[in-house]
Structures are given as structure tokens and as C-alpha cells.
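Take a walk through the fold below.

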Amino acid sequence: MSPASPSGRRERNKAAKLERILAAAGELFAEHGVDDVTTQQIAQRADIGAGTLFLYARTKGELLLMVQNANYAQALERGRSAAEREGDRLEAVLAVLRPVVECNRAQLDNGRTYLREMVFGDASEPHHEQALSIVAQTEAAVADVLTRDGEVDQDAARVLAHVVSAVLFVAMAADAGPTWSPEEVVDHLRGQLVHVLPR
């Protein structure tokens with residue numbers, strides 16, 4: 001058996017550190033909210049130096065994107081699966097969106113900061129790009145729902161999915177209803193989308 005190559009070991013160590021950083025940041029953000037957590041606390045919990053942390057993410061915003069991107073991607077998969085069980089077009093679209101809303105509302109300040117980072121963050125940062133990719137995937141999932149019965153063509157579905165995405169973003173980012181439960185946000189979306197989506 002040949003010994004592990006130095007580059008292979010280095011990559012494993014790097015992956016293990018990243019895993020610890022994501023776990024530490026995720027736990028601390030969930031416990032205290034992103035605004036009340038310092039990068040030093042994250043580094044300490046991940047058992048790394050602060051300088052090492054900055055090799056993986058330059059800001060707390062980038063760390064939040066890293067953590068939340070994984071959560072949002074999982075939420076979207078749950079939404080796609082739930083939409084397959086819904087026959088009604090509006091309810092199927094809401095089934096796609098519901099887990100995304102739940103993810104966003106799990107820690108309200110984190111959810112709003114994540115949305116702000118998506119819109120105003122550094123576009124050259126890879127985790128920012130991944131967040132925008134999740135938005136595009138969400139729109140694609142909504143478009144798939146809209147076209148599945150053949151009554152809405154693909155071009156119209158893409159435009160409608162983009163409108164749905166904008167309505168979702170505003171509903172999650174707005175100061176109105178900060179104490180709303182995820183289901184109340186979904187009801188709010190239902191009240192708007194019923195006027196937008198073809199019935």
C-alpha cells in the first residue's frame with residue numbers, strides 16, 4: 001500500500017477545516033444570529049486560528065452565505081418533492097416555496113442578512129454566485145410546475161417564475177410581519193400569487 005500523497009493529505013485537511021468552520025458558524029449563527037457572532041468566536045469553536053478562517057471566507061457575510069446556501073439547497077429539494085404531490089398549480093408553486101420560507105424564517109436576522117448578501121454582496125465571491133444559482137434553480141422549479149400541464153408555455157413560465165421569485169424575495173425581506181410564522185408568510189404569498197398565476 002503506497003503512502004498518501006502530501007497533496008491528498010493537504011486536501012483532506014483543508015476539507016476537514018472547512019467542515020469544522022461551517023459547523024461552527026452554523027451553530028453560532030443559529031444560537032445568536034449573525035450580527036452577534038464574531039469571527040474570533042467562529043475560529044475558536046472550529047479550533048483554528050483567525051488567520052486560517054480568513055483563508056476560507058473574508059467576512060461574516062461570506063460565512064453566512066456558505067452556511068445558508070447548503071440549507072437553501074436542501075429546502076429547495078424538499079419543495080420540489082412536495083410540489084410533485086400537489087395537483088393545483090398555485091398550491092404546487094407554494095409547495096416549492098414553503099421550505100425556502102421556512103429556511104429563511106428559521107432565524108429571522110440571518111435570513112434577512114442572507115438576502116442582503118445575495119443582492120449587495122461581492123459578485124466575484126463564489127458563495128455569492130452559488131446563492132444566485134439557488135435563486136435560478138428555484139425559478140426553474142417554479143417554471144417546471146407551471147408548464148407541467150401544458151397550458152403555460154416555457155417562455156411565459158420563465159417570466160412568471162421570475163415574478164414569483166421577486167414576490168418571494170420581497171415577502172421574506174420586508175419589515176412587515178416580522179413575527180409571522182412561515183405559514184403566515186406562505187398565506188401572504190398565496191394572496192398575491194393568486195392574482196399573478198394563471199388558474
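The paragraphs that follow start with the overall picture and end with local detail.

This is a predicted model, in which local features need pLDDT of at least 70 and side-chain atom pairs count only at pLDDT 80 or more, while totals for chains, interfaces and linings use all residues. Residues are numbered from 1 along each chain as its sequence is written, and side-chain values use heavy atoms, with hydrogens and water left out.

The chain holds nine helices and zero strands. Both kinds of element are DSSP runs numbered from the N terminus: helices are H or I with at least four residues, strands are E with at least two. In sequence order the pattern reads α-α-α-α-α-α-α-α-α. The C-alpha trace spans about 60 × 45 × 30 Å along its principal axes. Of the 199 residues, 41% are buried. Buried means under 20% relative accessible area, exposed means over 50%, and partly exposed lies in between (1.4 Å probe, protein chains only). Contacts are heavy atoms within 4.5 Å. Among contacts with a separation of 6 or more, 69% join residues 24 or more positions apart.

Now the interior. In soluble globular proteins, nonpolar side chains tend to be buried together. Here the largest nonpolar core has 58 residues. Such a core is a set of buried Ala, Val, Leu, Ile, Met, Phe, Trp, Tyr and Cys residues joined through side-chain atoms within 4.5 Å. Ile42, Val93, Leu97, Leu189 and Leu193 have the most contacts inside it. Follow Leu97. Leaving out residues up to four places away in sequence, Leu97 touches Thr138, Val142, Val164, Leu168, Leu189 and Leu193.

Next come the helix pairs. Two packed helices are described by the angle between their axes and the distance between the axes. Axes are lines fitted to C-alpha atoms, for helices over the stretch in contact, and angles run from 0 to 180 degrees between N-to-C directions. Helix H5 (residues 89-105) and H8 cross at roughly 30 degrees, and their axes come within 11 Å. H5 and H8 are therefore roughly parallel. Angles under 35 degrees get that label; over 145 is roughly antiparallel, 65 to 115 roughly perpendicular, and the rest oblique. From H5 come Val93, Leu97, Val100, Val101, Asn104 and Arg105; from H8 come Val164, Leu168 and Met172. These contact residues divide into seven nonpolar, one polar and one charged. Ala, Val, Leu, Ile, Met, Phe, Trp, Tyr, Cys and Pro count as nonpolar, Asp, Glu, Lys and Arg as charged, and the others, Gly among them, as polar.

H8 (residues 154-173) also packs against H9 (residues 182-193), at about 140 degrees with the axes 10 Å apart. That angle makes H8 oblique to H9. Val164, Val167, Leu168 and Ala171 of H8 meet Val185, His188, Leu189, Gln192 and Leu193 of H9. This contact has seven nonpolar residues, two polar and no charged.

Arg80 sits in helix H4 (residues 60-83). Its relative accessibility is 27%, so Arg80 counts as partly exposed. Beyond four places in sequence, Arg80 touches Gln137 and Ala141.

Asp47 lies in the loop between helix H2 (39-46) and helix H3 (50-56). Most residues other than glycine have a negative phi. Asp47 has a positive phi of about 60 degrees, although it is not a glycine. Asp47 is exposed, at 64% relative accessible area.
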